Amino acid sequence: MALEFRSVTKQFGTGDGGALTAVSDISFRVDEGEFVSVVGPSGCGKSTLLSMTAGLYQPTSGEVLVSNEPVTGSNAHVGFMLQKDLLLPWRSILQNIEFGLESRGVSKADRRDRALKELAHCHLEGFENHYPYQLSGGMRQRAALARTLAIDPQIILLDEPFSALDAQTKLLLQNSFARTIAESGKTTLLITHDLAEAVLMSDRIIVLSERPGSVVAEIRVDLPHREEPLKRRIMPEVGDYAAQLFKHLKLEEKAA
Ligand code: ADP
Ligand code: MG
């Protein structure tokens, strides 16, 4: 299923304090099965783009389209995963993965089957009866991904899912997410402020300006092994892509 932003502008607030324009006239498309990252300075409206895709906010103007239909509210095709895993502490890992299925009226036996399947996909076998506090940060993020995948969304939204992790855990988790997502064939939009991560994981990268965020560049990452960021990592071209991102984000000018 494809995802498209068509001239999307989002303002928050009105009246006396004045409106704050978070993003301005954003247009780009994520094709079915594609993995696209969005990078840009803090506060430029990246999370706002995901919230509009998940139907939490409406654009002030323009449209967000999922499978060519404007998003008008919460959408069963879209799975949203945040930096903070939001696992419920009083539920076991399996019960956490089942959580989204309960509100969708899936039977108890089916819920368990689907949750166990995603648990295995995310390499958490043996931890179904553990509680979130008993898991490492990386494992908790995998449990959160399993919960997102369990509802079988056609589009996965990831908002800086690796940013709270140490460097090694991050690399391993990027690799395991990339493989799971590639196997699922799902359309994915990743928000990150980690430029290397964007190069290692994406088919394409959208670069946003400072607030109000608008698209300043769209870069196709023409490298193999999207399903295995650890393999991409040692390719010399990765540095060239990162340098392009640096340039578009004007990082040298800002450092001067
Ligand atoms: P990013 O994820 O790129 O750091 P956000 O999308 O979170 O940026 O925020 C973009 C801008 O919109 C920020 O200035 C933020 O304060 C503002 N903003 C985000 N959500 C709201 C909201 N619900 N109400 C008012 N302002 C908001
Ligand atoms: Mg954000």
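Is Glu 102 buried, partly exposed or exposed? Glu 102 is partly exposed, because its relative accessible area is 31% (buried means under 20% relative accessible area, exposed over 50%, and partly exposed in between, with a 1.4 Å probe and protein chains only). The structure is a predicted model, in which local features need pLDDT of at least 70 and side-chain atom pairs count only at pLDDT 80 or more, while totals for chains, interfaces and linings use all residues. Residues are numbered from 1 along each chain as its sequence is written, chains are lettered from A and ligands numbered from 1 in the order in which they are written, and side-chain values use heavy atoms, with hydrogens and water left out.

Glu 102 forms a salt bridge with Arg 91, with 2.9 Å between the closest N and O atoms (a salt bridge is a side-chain nitrogen of Lys or Arg within 4 Å of a carboxyl oxygen of Asp or Glu). This pair links distant parts of the chain, 11 residues apart: Glu 102 is in helix 2, and Arg 91 is in the loop between strand 6 (78-81) and helix 2 (helices, H or I with at least four residues, and strands, E with at least two, are DSSP runs numbered from the N terminus). Arg 91 is buried, at 15% relative accessible area. Helix 2 (residues 93-102) also holds Glu 98, which is buried at 9% relative accessibility. Apart from neighbours within four places in sequence, Glu 98 is in contact with Arg 111, Arg 112 and Ala 115 (contact means heavy atoms within 4.5 Å).

In the whole structure, 13 salt bridges are found. One of them joins Arg 226 to Asp 203, where the closest N and O atoms are 2.8 Å apart. Arg 226 lies in the loop between strand 10 (215-220) and helix 7 (229-232), and Asp 203 in the loop between helix 6 (195-201) and strand 9 (204-208), so the pair ties together parts that are 23 residues apart in sequence. Arg 226 is buried at 13% relative accessibility, and Asp 203 is buried at 19%. Another salt bridge connects Arg 29 with Asp 31, at 2.7 Å between the closest N and O atoms. Arg 29 is partly exposed at 34%, as is Asp 31 at 33%. Glu 4, Arg 6, Arg 29 and Asp 31 are linked in a network of salt bridges.

An open sheet is formed by four strands in the order 2-1-4-5, with antiparallel pairing (two strands pair if DSSP finds at least two bridges between them). Strand 2 and strand 5 (69-70) are the edge strands, each pairing on one side only. Strand 1 and strand 4 (residues 61-66) are joined in the antiparallel sense by five bridges, and Leu 3 stands opposite Val 66 in strand 4. Helix 1 (residues 46-53) packs on the sheet and touches strand 1, strand 2 and strand 4, its direction making about 115 degrees with that of strand 1 (axes are lines fitted to C-alpha atoms, for helices over the stretch in contact, and angles run from 0 to 180 degrees between N-to-C directions).
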